[in-house]
Amino acid sequence: MASRNLILLGQVVPNIKRNACKVRIRRMDLDQNLLMYFKKEEFVFAHDPEKKCKVGDIVLVKELPQKLSTLITHSVDVVYPFGDVTCPVTGKKVVVGKYRDHVEEATQLYGKSEKAFDYTKAPPRGRQEGIRDFSHQETYKKYHEDGKDQPFAW
């Protein structure tokens with residue numbers, strides 16, 4: 001019997017389970033009749049007791065040697081935090097399909113605009129926690145509309 005040591009790449013989505021994060025794994029599934037590939041999404045729960053994963057992060061999902069529960073079957077490591085896009089090949093930061101250092105070279109050649117965004121002065125993700133960013137709050141499902149404010153429902 002072959003062992004399944006799968007390592008997959010996925011994105012963290014909102015969930016209500018404690019000490020775990022819900023990860024969406026996208027795969028391409030071959031339709032034998034059309035001989036075309038279509039997107040197929042699979043959701044797994046990964047063990048995350050330190051709450052290091054936030055919604056939107058790209059994570060590496062590994063299968064645990066032994067299941068912690070019927071739902072929690074994987075472990076998780078953050079590869080790319082949500083926000084700044086990083087090229088997986090070179091490791092450089094990317095802005096709209098161009099490397100940041102190329103954009104900075106072009107601004108030095110042609111002069112910097114007054115309205116241009118300065119990435120070196122930008123604060124890291126998490127500065128707006130509790131003010132505008134509520135991704136660290138516990139989420140819950142909104143089952144009905146009762147007129148009350150439900151800020152963390154999805």
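**Ground rules.** I number residues from 1 along each chain as its sequence is written, and this is a predicted model, so local features need pLDDT of at least 70, side-chain atom pairs count only at pLDDT 80 or more, and totals for chains, interfaces and linings use all residues. Side-chain values use heavy atoms, with hydrogens and water left out.

**Strand pairs.** I took strands as DSSP runs (E, at least two residues), numbered from the N terminus, and called two strands paired if DSSP finds at least two bridges between them. I began with β2 and β3, which pair antiparallel over twelve bridges. In this pair D29 stands opposite F38 of β3. The two strands form a hairpin with four residues between them, and L35 in the turn has a positive phi of about 55°.

Next I looked at β1 and β4, which are antiparallel and share five bridges; L9 faces L60 of β4 there. β4 also runs antiparallel to β5, with six bridges joining them. β3 and β5 gave me a parallel pair, over three bridges.

**H74.** I then asked where H74 sits, and found this residue in strand β5 (residues 72–80). Which residues are its bridge partners? H74 is the partner of E63 and also of A46.

Is H74 buried or exposed? H74 counts as buried because its relative accessibility is 11%; my cut-offs are under 20% relative accessible area for buried, over 50% for exposed and partly exposed in between (1.4 Å probe, protein chains only).

I listed its contacts too (heavy atoms within 4.5 Å). Leaving aside neighbours within four places in sequence, H74 touches V44, F45, A46, H47, V61, K62, E63 and L64. Its side chain also makes a polar contact of 2.6 Å with that of T73. For that term I used a pair of N or O atoms within 3.5 Å; within protein, one must be able to donate a hydrogen and the other to accept it, and residues adjacent in sequence count only if both atoms are side-chain atoms.

**The core.** A nonpolar core here is a set of buried Ala, Val, Leu, Ile, Met, Phe, Trp, Tyr and Cys residues joined through side-chain atoms within 4.5 Å. The largest one has eleven residues: L8, V12, C21, V23, I25, V44, A46, C53, V59, V61 and V76. β2 gives the largest share, three residues.

**The open sheet.** I found an open sheet of three strands in the order β6-β7-β8, paired antiparallel. Its edge strands, β6 (85–86) and β8 (98–99), each pair on one side only. Two bridges link β6 to β7 (residues 93–95), and V85 has V94 of β7 as its bridge partner.

**Rings.** I paired rings of Phe, Tyr and Trp (its six-membered ring) if their centres lie within 6.5 Å, with planes under 30 degrees apart counted as stacked, over 60 as edge-to-face and the rest as tilted. That gave one aromatic pair. F117 and Y119 have ring centres 4.9 Å apart and planes at 75°, so the pair is edge-to-face. F117 is exposed at 56% relative accessibility, while Y119 is partly exposed at 32%.

Last, I checked charges over rings (NZ of Lys or CZ of Arg within 6 Å of the ring centre and within 35 degrees of the ring normal). The charged end of K22 sits over the ring of F43, 5.0 Å from its centre. K92 lies over the face of Y99, at 5.3 Å from the ring centre.
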